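Here's a quick briefing to read alongside the model. Have the sequence and the 3D view open as you go.

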Amino acid sequence: MFAFWRYGYEGASMSVLMEATGLGKTSLYRTFGSKEELFRRAVELYHEEFLAFRERALAEPTPRRIVEKLLFGLAELHGDDSTPPGCLETGGALTCGPDNEFVQKQLAANREAIAAMLERRLSEASGNGPLPPGLGVAETVALVVTVIQGMAVQAVNGHSTAWLRGVARSVLTLWGNEASSSATD
């Protein structure tokens with residue numbers, strides 16, 4: 001997982017994957033069947049180990065709290081010094097050429113799934129609190145998913161967790177002076 005996270009799908013060569021898994025080429029193929037299957041399983045593990053906070057964020061009661069928890073959780077993830085910078089999925093998608101269209105499709109489907117969950121939750125939660133003035137649910141979702149992907153790219157470019165938190169705080173100003181949680185520190 002960390003090899004794909006650091007190098008992307010195409011950049012994670014067989015030698016990198018063999019070193020990361022401690023397996024020889026034959027054992028790697030015997031265990032996982034293919035590089036594609038190893039990547040699919042790495043993405044599953046990434047979701048389980050590093051993206052579980054998204055469920056908690058989506059369970060928040062108001063649109064602002066949902067976005068706040070999501071963006072601050074991603075700032076922590078993307079800027080964490082104990083993991084590669086950025087996002088395994090965003091990085092994997094950006095570095096794929098036409099020969100690996102299946103990877104792009106898998107990662108696009110994952111992005112569409114979180115966007116759909118966010119849209120559903122913002123629609124449900126909009127009765128508990130406002131959306132940013134002048135924005136509907138679809139526009140808010142488009143903004144948030146674009147910011148999420150941008151934060152991942154900026155983390156790879158060397159921006160710190162503190163800088164990413166500043167991006168999250170900037171997005172939250174769209175709601176005005178509504179009280180925020182401790183996540184904004």
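Rings of Phe, Tyr and Trp (its six-membered ring) pair if their centres lie within 6.5 Å; planes under 30 degrees apart count as stacked, over 60 as edge-to-face and the rest as tilted. This is a predicted model, where local features need pLDDT of at least 70, side-chain atom pairs count only at pLDDT 80 or more, and totals for chains, interfaces and linings use all residues. Residues are numbered from 1 along each chain as its sequence is written, and side-chain values use heavy atoms, with hydrogens and water left out.

**Aromatic pairs**
- By the ring rule, the count comes to nine aromatic pairs.
- Phenylalanine 2 and phenylalanine 50 are edge-to-face, because their ring centres sit 6.1 Å apart with the planes at 75 degrees.
- That pair links helix H1 to helix H4, 48 residues apart (helices are DSSP runs of H or I, at least four residues, numbered from the N terminus).
- Phe2 and Phe50 also belong to one aromatic cluster with Trp5 and Tyr46.

**Burial in H1**
- Helix H1 (residues 2–11) has Ala3, Phe4, Trp5, Gly8 and Tyr9 as its buried residues (buried means under 20% relative accessible area, exposed over 50%, partly exposed in between, with a 1.4 Å probe and protein chains only).
- Phenylalanine 2, at 40% relative accessibility, counts as partly exposed.

**Asparagine 100**
- Asparagine 100 lies in the loop between H7 and H8, and at 13% relative accessibility it counts as buried.
- Beyond its neighbours within four places in sequence, asparagine 100 is in contact (heavy atoms within 4.5 Å) with Tyr9 and Glu10.

Definitions and conventions. Helix = DSSP H or I, 4+ residues; strand = E, 2+ residues; numbered from the N terminus.
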